[in-house]
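Open the model in your viewer and keep the sequence panel beside it. This tour goes stop by stop: what to select, then what is there.

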Amino acid sequence: MRTLSVVSQKGGSGRTTLSVNLAVAAERAGLSCAIVDLDPQASGWKWSQRRKSEAPEVITAVAEQLESIQTKAAEGGLDLLIIDSAPHADRAALLACKVADLILIPTRASILDLDALKPVLELVEMARRPALGVLNGVSTQTSLDVEEARDAIKARGVELHAAYIHERVIYKRSLIDGRTVIEAGSDAKAIREIGGLFAAVVERMGLEIPAGEVAA
Ligand SMILES: Nc1ncnc2c1ncn2[C@@H]1O[C@H](COP(=O)(O)OP(=O)(O)OP(=O)(O)O)[C@@H](O)[C@H]1O
Ligand SMILES: [Mg+2]
C-alpha cells in the first residue's frame, strides 16, 4: 500500500478536488483506494455522501489516528490511501506528511498562495518525505503569473508537476453530485490533466497498475 498526503496551508488550493479526482482515477486503473478526510469541514466526506458509487470509501479522522488507519488499510489489502488534510501547516499536517510516501502540494499561482508555501515546505523538510507541487486553477485565458509561479516554486526546491491543472468549470460542477471529471466525461482536457497527474503520482510512489488496466 502507498499513502499520498495532499497538503497545503491555503484554503481553496484544491486539496479536496485533487484528492477525489485522483481517488477515482486510481479506482478506474484497478487500484483499491480510500480517502481520509482530516478537514473538520469534511468536504471530501460530504462529496462521498452525494455519490452514487460506494468506492472510493471516504472516512473522517483526526491526524492522531493516521498511523492506525494506515496499518489497518495495509492489512486489509488497500492499494492507495489518500489523505486530504485541513488548510493549516500545523501538527496535523506534519503527521499527514510523516506517514506519506509522497506529499502532493497543490497551489494556485497567486503571490498570496506562493507566500503560503513556505510553512508547508518546512513541514516537508521536517517529515523528510518526497514531495511534488502542482499548480492548480491556472487560467486557460492568460499565462500571466504562471511562469513566475513555476520559478518561485522551483526556487524553493520543490519538484513541480510539469503540466498545470487549469481552471475549468467541470472540476466544480462534477463535485455537485459526487462525481469527478473522469466520471462526468464531458471535458477531455480536464480528464487528461487528471490522468497526467495520476500517472506522475503513480510513478513517484512506485505503485503498480494491475495488468490490463491503464493509468486513468
Ligand atoms: N482546477 C479547478 N478548476 C475549477 N474549480 C476548481 C479547481 N480546483 C478547485 N476548484 C474549486 O475551488 C474551490 C476550492 O477547491 P477545494 O475545495 O478542492 O480546495 P481545498 O484546498 O480542499 O479547500 P478547503 O480549504 O475548503 O478544504 C472548490 O469550489 C472547487 O470546486
Ligand atoms: Mg478541502
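How many bridges join strand E5 to E6, and do they run parallel or antiparallel? Select residues 102-107 for E5 and residues 131-138 for E6. Five bridges join them, and the two strands run parallel.

Before moving on, a word on what you are looking at. This is a predicted model, in which local features need pLDDT of at least 70, side-chain atom pairs count only at pLDDT 80 or more, and totals for chains, interfaces and linings use all residues. Residues are numbered from 1 along each chain as its sequence is written, chains are lettered from A and ligands numbered from 1 in the order in which they are written, and side-chain values use heavy atoms, with hydrogens and water left out. Strands (E, at least two residues) and helices (H or I, at least four) are DSSP runs, numbered from the N terminus. Two strands pair if DSSP finds at least two bridges between them.

**Stop 1**

Seven of its eight residues are buried. Buried means under 20% relative accessible area, exposed means over 50%, and partly exposed lies in between (1.4 Å probe, protein chains only). Now pick Val-134 in E6: Pro-106 stands opposite.

Next, select residues 159-160. This is strand E7, joined to E6 by two bridges and running parallel with it. Pick Gly-133 and look across to Leu-160 in E7, its bridge partner.

Then select residues 165-166, strand E8. Two bridges join E8 to E6, and this pair runs parallel too. Here Val-138 has His-166 as its bridge partner.

**Stop 2: salt bridges**

How many salt bridges does the structure hold? There are seven. Each is a side-chain nitrogen of Lys or Arg within 4 Å of a carboxyl oxygen of Asp or Glu. Visit three of them.

Show the side chains of Glu-167 and Arg-108. Their closest N and O atoms are 3.4 Å apart. This pair links distant parts of the chain, 59 residues apart: Glu-167 sits in the loop between E8 and helix H8 (169-176), and Arg-108 in the loop between E5 and helix H5 (111-115). Glu-167 is partly exposed at 41% relative accessible area. Arg-108 is partly exposed at 29%.

Move to Glu-159 and Arg-204. Their side chains meet at 2.4 Å, N to O. Glu-159 belongs to strand E7 and Arg-204 to helix H10 (residues 188-205), 45 residues apart. Glu-159 is partly exposed at 38% relative accessibility, and Arg-204 is partly exposed at 34%.

Now select Arg-168 and Glu-193. This salt bridge spans 2.7 Å, N to O.

**Stop 3: ligand 1**

A backbone N or O atom of Arg-168 lies 3.1 Å from a nitrogen atom of the ligand. That is a polar contact: a pair of N or O atoms within 3.5 Å; within protein, one must be able to donate a hydrogen and the other to accept it, and residues adjacent in sequence count only if both atoms are side-chain atoms.

An N or O atom in its side chain is 2.5 Å from an oxygen atom of ligand 1. At Ser-13, a polar backbone atom is 3.1 Å from a ligand oxygen.

Now show the whole surroundings: 20 residues, the closest being Gly-12, Arg-15, Thr-17, Asn-136 and His-166. To count, a residue needs a heavy atom within 4 Å.

**Stop 4: Ser-85**

Select Ser-85, in the loop between strand E4 (80-84) and helix H4 (91-98). Ser-85 is buried, at 2% relative accessibility. Its side chain reaches the backbone oxygen of Val-6 at 2.8 Å. Leaving aside neighbours within four places in sequence, Ser-85 has contacts (heavy atoms within 4.5 Å) that include Val-7, Arg-15 and Leu-38.

**Stop 5: Leu-66**

End at Leu-66, in helix H3 (residues 66-75). Leu-66 is buried, with a relative accessible area of 2%. Beyond neighbours within four places in sequence, Leu-66 is in contact with Val-36, Leu-38, Ile-83, Leu-95, Ala-96 and Val-99.
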